[in-house]
Amino acid sequence: MASEEASLRALESLMTEFFHSCTTNERKREIEELLNNFAQQTGAWRHCLFFLSNTRNEYVMMYSLTVFENLVNKMWIGVASQDKMEIRSCLPKLLLAQHKSVPYFIRNKLCKVIVDIGRQDWPMFYHDFFTNTLQLIQSPALAQLGLVMLKTTSEELACPREDLSVARKEELRKLLLEQVPTVLGLLTGILETYWDKHSVIASTPPPSPTSGESVELLGSLFQGSQYSKLLCQPMAALDNESQQLCCLVLECLAHLFSWIPLSTSITPTLLASIFHFARFGCDLRTKAKMGSFISSNSSSSNGQLNPGLMPPTSNGGGRNGQQSEANKVDRARLGVLAMTCVNELVSKNCVPMDFEEYLLRMFQQTFFLLQRLTRENNAHTVKSRLQELDESYLEKFTDFLRLFVSVHLRRIESSPQFPIVEFLALLFKYTFNQPTHEGYFACLDIWSVFLDFLTTKIKSRLADRESVLNRYKDALVLLLREVLNRIQFRYNQAQLEELDDETLDDDQQTEWQRYLRQSLEVVAKVMELLPSHAFSTLFPVLQENLDVYLGLQQFIVTTGTSRRLNITAENDCRRLHCSLRDLSSLLQAVGRLAEHFIGEVFAGRFSDALAVVERLVEVTCYGSQTSLYDLETAVPSVLKPDLIDVHAQALAALQAYSHWLAQFYSEVHSQNQTQFINLITSAVDASSPLITAKVPEKLLLSACHLMVSITSTVRPVFLVTLPAVQNIFNLITTENQNRRLPQEAHMLVCRALSNMLLLPWPNLPENEQQWQTRSSNHASLLAALTREYRILRGTVNITPRQPGLDDNVTDEMLAFFLTLFQALRVQMGVAFTGQIIHTFLSMFTREQLAASILQEGSAGCRVVQKFLKILQVVVQEPGQAFKPFLPSILSLCMEQVYPVVSERSSPDVKAEMFELLYQILHQNWRYFFKTSVLTSVQRGAAEDTMENEAQFTAAMQAFGQSFLQPDIHIFKQNLSYLESLNSKHKLYHRKLFRTSMLFHFINVLLQVLLHKSHDLLQEEITLAIYNMASVDFDVFYSAFMPEFLNGCQGVDTSQRAVLARNFKLERDLPSFTQSVQRLVNDLRYYRLCNSSLPTGTIKL
């Protein structure tokens, strides 16, 4: 006893030293080693039991429990049965004795150790494990402890980690499911008892402003519902301990609902109780009243507050405000947990027939809460109500609405008991009173899902399209109007100015751009359902803002060379800023709707589309003629970007209508030729003046993109003759370094000019395409564009190689050759191409390659990558022209690049090299397998004739080697390459692969699953194993599996037999996948068990 006491004091001293801020890392390592050695001793648990019973040091308690946890989870199979009985008896007694005096995290850890024992031994050796938990829950003094035990049991037994066999996991789930009705009954009882006990129900409540509010009901939603009156009861006034207990019950229910199937065990009474507590999240009236009941110590997960350690609280004086704040947090937490329970149920897509009525009842009860949330009264607007609510509660409620609309709306919508239109009215109020942008975005997503649902429904029921639409028309009209108002500064300036328009998110858009894009998606979806109404709503608003923009000309004052916008009053500038921002957004909206004017509806909506396009052409011409982007303004930092943005958005909106213009050109240009020519001429006249280096880049790029769209999509025959187009030709062909366009704009303009000369004109026969003239014009264009490049020849002095500079120059040259090969390899001819490749192949010696590859991220490394990309282009070329290069390319790949990268990470070069290998195999399969058409047609004909076998084997070995390395991206890429070669060329069925490689690949992939090194790719790996095994299932089951199991280390003969027996001889993918997962899980489990047995253990 004395020695144990001394050990305890020494351990306390060590633990305190370990966590002291002055202790060095070296000393910490020594202490850690000492503690690990102590834990490994046989019987260390006895000392730990003594420590737990006799210490108040939290570090010592946690260490002792970790020793127990390790014993139970990793060494339990080797513990003597007498010791197991003692541990099973002592730990629960310790828990009962100390649960009030120890901190909550120690209590929870002790609960987990006991549950871990139950996971191993219940019900065979620990038959009272679960009944003990149920008894604790039923004992008022110990109910909190019982609930912590229950929640831990649900977490650890329902979805256990993989340190159990699959058979044991299935057994545990079955045992738990048998207990579910009892458990749910108990939890329902607790919730009901505490609600009833604390409900303050007067026999005849007096009519008051507060009680009157709660009697409102949602139209027909609750007709005949026995729960409507219950939900109108006043809120229960729970004390602190009751709140903690109810929080724990709801946490337990939330976890249980995450894995139990929907069934009648989830009774109407339980649902009603959960909804009582969900009201805590949305009821404001009770927030400030109940201060006197509640201590300022708020509870949190797992019942962290320890009643035994609570300081005495006084209810008087200045504490009330603090108490009511704590009360708010606690009560909101009850609401959040209750909604978590509801969401767990609603997220299940598989609903049994007998549960559908419960589901309807749940929705009725939730929409009663939605009505409370969106109710207005004298004291609060809807928005101020939502602002005062707990943020987490609102998130949970929005989650519920999303799940309802996406998963269950199709089930409920047609039910006469569910008034869908009234629900949409509430959702509308809830959406447009959200206190945060994120909340608003989440609600817009819900509307998008609803609109998709409606569109699909209408497409599947075209006969009663009108009746379906009429039912929802009012809601859609309101939605469209409100979303349009929300993107306009005119109606929503305060909120819109809060949005960040500078910082880019992961999708490369600012907060403002995201806001606008999501809003416009909703507008576009409404347009699809109500086209004429959407257009008649949007166009007048656009016209109104356009009039302001077009009227700016009268305020332009010219003095000498400068031009100024004569609007200076602060209020006028602010109004102009808002109008321009709105115009920019509305132009984007009009552009987004372009797709709804083409195709089958072109003729029906022609006049509307024509009105839009004429207006857009007018605006772009006006902007270019008056050069509004070049004006001096009173507030240049605000108004100048606004003017540039409106002009750019007008060009972009016009570009969106290029497909409409193309259809106009092909269908009606013969009748309205003048009209069409005027539109195109004006559009080009609007773009042409902007294509100069002096124009802001945003505007320049918009003009260039519009030109590319007109020349590629519309392609009018008269385009090349327009003076504005001739000006662009002259600009590009005569530009010098000083007036050269930025790189991207230059490339776009060149593309537009090439399109004009190379793409066929629509609506004209081949003999009228004027290819001769266009060809000579194109040659002149190319000659002008490459003038400076061609002058280089004979003028460049070749200096001796400078290492750093040399790599950068080579990088640029290879980039040029890569583009050349991608675009013009056929035109270059075989001889010239061969000369280039030969030069490159001789340039790259093994030493140079190694030096370049070893400097990851360097210019030299990029040179090797580009060279490999060029070779990828070459080997993909069909026909025989480039086949002579295959041996030298393969040699470079396998003998020069692969040896350097195989043992290093070099991810960039490695990815390109393996893609080159894949392309060689895929595009040149006959280089390795000379299968004639006849033999491939004759089933059972002689096997493939194999050529270049050594190179094929080396390539396959390289793929196999990559699966043994940690780089998950290379692993994924190469696995997909093998699967692709199998689907296109039956790789796994080829004799060489089947006889000498197949088993090696399956073995490697199974080992990867066993080591969990690439767990993210589990599905892909299992599918590949299945495809390999399916080549010959009989051989796989009779030869591979026994060989694989015999080679498995760390398992005995009987365990191998169990593993073999459990791997069912199934041939379908789902069953095979299940067998592979079971094999991997059980093999890992057996190894864990065997490694935990004491040395010298004799297994019979």
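Where is the place of Pro123? Pro123 sits in the loop between α6 and α7 (129-138). This is a predicted model, and in it a cis peptide bond joins Trp122 and Pro123, with omega at about 0°. For context, most peptide bonds are trans, and most residues other than glycine have a negative phi.

Ser627 is not a glycine, yet its phi is positive, near 45°. Look for Ser627 in the loop between α25 (606-626) and α26 (636-656). Its relative accessibility is 17%, so Ser627 counts as buried. Lys986, also not a glycine, has a positive phi of about 55°. That residue is in the loop between α42 (968-985) and α43 (991-996). With 47% relative accessibility, Lys986 counts as partly exposed.

Back to α6 and one of its partners. Helix α6 (residues 104-121) meets helix α8 (residues 143-158): the axes come within 9 Å and cross at roughly 50°. That angle makes α6 oblique to α8, and the crossing is right-handed. On the α6 side, the contact is made by Arg107, Asn108, Cys111, Lys112, Ile114, Val115, Asp116 and Arg119. From α8 come Gln144, Leu145, Val148, Met149, Thr152, Thr153, Glu156 and Leu157. Sorted by class, the contact of α6 with α8 has seven nonpolar, four polar and five charged residues.

Now for the aromatics. The count comes to 70 aromatic pairs, and here are two of them:

| Ring pair | Centre distance | Plane angle | Geometry |
|---|---|---|---|
| Phe367 and Phe404 | 5.1 Å | 70° | edge-to-face |
| Phe489 and Trp512 | 6.0 Å | 55° | tilted |

Phe367 lies in helix α15 (residues 356-373) and Phe404 in helix α17 (residues 391-412), so this pair ties together parts that are 37 residues apart in sequence. Phe367 and Phe404 are both buried. The other pair links distant parts of the chain too: Phe489 is in helix α21 (residues 489-496) and Trp512 in helix α22 (residues 511-529), 23 residues apart. Phe489 and Trp512 are likewise buried.

Ring pairs also build a cluster, which takes in Phe999, Tyr1026, Phe1033, Phe1036, Tyr1037, Phe1040, Phe1044, Phe1063 and Phe1072.

One more helix to look at is α13 (residues 268-278), which is mostly covered, with ten of its eleven residues buried. Among the buried residues of α13 are Pro268, Leu270, Ile274, Phe275, His276 and Phe277.

Methods. Residues numbered from 1 in each chain as written. Predicted model: local features only at pLDDT ≥ 70, side-chain atom pairs only at ≥ 80, totals over all residues. Heavy atoms only, no water. Axes fitted to C-alpha atoms, helices over the stretch in contact; angles between N-to-C directions. Helix = DSSP H or I, 4+ residues; strand = E, 2+ residues; numbered from the N terminus. Parallel < 35°, antiparallel > 145°, perpendicular 65-115°, else oblique. Left-handed = near helix turned anticlockwise from the far one by under 90°. Contact = heavy atoms within 4.5 Å. Nonpolar A, V, L, I, M, F, W, Y, C, P; charged D, E, K, R; others polar. Phe/Tyr/Trp six-rings, centres within 6.5 Å; stacked < 30°, edge-to-face > 60°. Buried < 20%, exposed > 50% of the residue type's maximum accessible area, 1.4 Å probe, protein only.
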